[in-house]
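My entries follow in the order I looked things up.

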Amino acid sequence: MKNYKNLLEEKRNWYKTIGKVYCPLLKEEVVFNSKGFHHLMYSNGRRRPIKEQMYKLGLLPLVIPVIKNAKNIYKYEKVFVKEFGKEVEFWVLRETVGRQKTLVKIILRRIGTGNITFFSVMKKKDKNSLFLKIKRTAQKRWFS
């Protein structure tokens, strides 16, 4: 548990220093706010298992290279979210980055006309894609 707490504190402090990163592909700044970090710890209002949190925290350093180097938008979706009363856009970018040449996917989100913000990170081979979970959740909770 001590390793988890150290990792969490270290990554939280690092995350707070990012602020914004320019994404040449989207031609806009991507904002790193507290909601993005919170989503790494929680999903659908429930705390993620410690192992999953550590996994996502470990991938955080690869997020910025993906934003800066992505050549294509892997997926894009715009949905009306009743909870926000606005349209929400999601982008999935993926790129091979890092010393180990890891294929990493990130999810970016914009609510209404707000900023594009960092939302999540995962390796490409993750079976339960967050993008699909978001879509299912949106269909269940936000459409009616």
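**Entry 1: helix 2.** I began with burial in helix 2, where Gly36, Phe37, His39, Leu40 and Met41 are buried. Buried means under 20% relative accessible area, exposed over 50%, and partly exposed in between, with a 1.4 Å probe and protein chains only. Helices (H or I, at least four residues) and strands (E, at least two) are DSSP runs, numbered from the N terminus. I then checked the N-terminal end of helix 2, which Asn33 caps. A side-chain oxygen of Asn33 lies 3.2 Å from the backbone nitrogen of Lys35.

**Ground rules.** I note that this is a predicted model, in which local features need pLDDT of at least 70 and side-chain atom pairs count only at pLDDT 80 or more, while totals for chains, interfaces and linings use all residues. Residues are numbered from 1 along each chain as its sequence is written, and side-chain values use heavy atoms, with hydrogens and water left out.

**Entry 2: Gln53.** I moved to helix 3, which holds Gln53. Is Gln53 buried or exposed? Gln53 counts as buried, at 0% relative accessibility. Its side chain makes a polar contact with the side chain of Tyr4, at 2.4 Å. A polar contact is a pair of N or O atoms within 3.5 Å; within protein, one must be able to donate a hydrogen and the other to accept it, and residues adjacent in sequence count only if both atoms are side-chain atoms. Beyond four places in sequence, Gln53 is in contact (heavy atoms within 4.5 Å) with Tyr4, Leu40, Met41, Arg47 and Arg48.

**Entry 3: the cores.** I looked up the largest nonpolar core and found 31 residues. Such a core is a set of buried Ala, Val, Leu, Ile, Met, Phe, Trp, Tyr and Cys residues joined through side-chain atoms within 4.5 Å. Phe32, Ile106 and Phe118 have the most contacts inside it. Elements giving two or more residues to this core include helix 1 (2–18), helix 2 (34–41) and strand 7 (102–111). The largest share, five residues, comes from helix 1. I also found a second, separate core of eight residues, which includes Val88, Phe90, Phe119 and Met122.

I listed the partners of Phe118, skipping neighbours within four places in sequence. Among them are Tyr15, Val30, Phe32, Gly36, Leu40 and Ile107.

**Entry 4: strand 8.** Strand 8 is mostly covered, with seven of its eight residues buried. What does strand 8 pair with? Two strands pair if DSSP finds at least two bridges between them. Strand 2 (residues 28–31) runs parallel to strand 8, joined by two bridges. Here Val30 stands opposite Ile116. Strand 7 runs antiparallel to strand 8, with six bridges. Lys105 stands opposite Met122 in that strand. Four residues lie between strand 7 and strand 8 in their hairpin, where Gly112 takes a positive phi near 60°.

**Entry 5: Glu87.** Glu87 is partly exposed, at 39% relative accessible area.

**Entry 6: Tyr74.** Last, I checked Tyr74 in strand 5 (residues 73–81). Tyr74 is partly exposed, with a relative accessible area of 36%. Its contacts beyond four places in sequence are Val92, Arg94 and Lys105. The side chains of Tyr74 and Arg94 make a polar contact at 3.4 Å.
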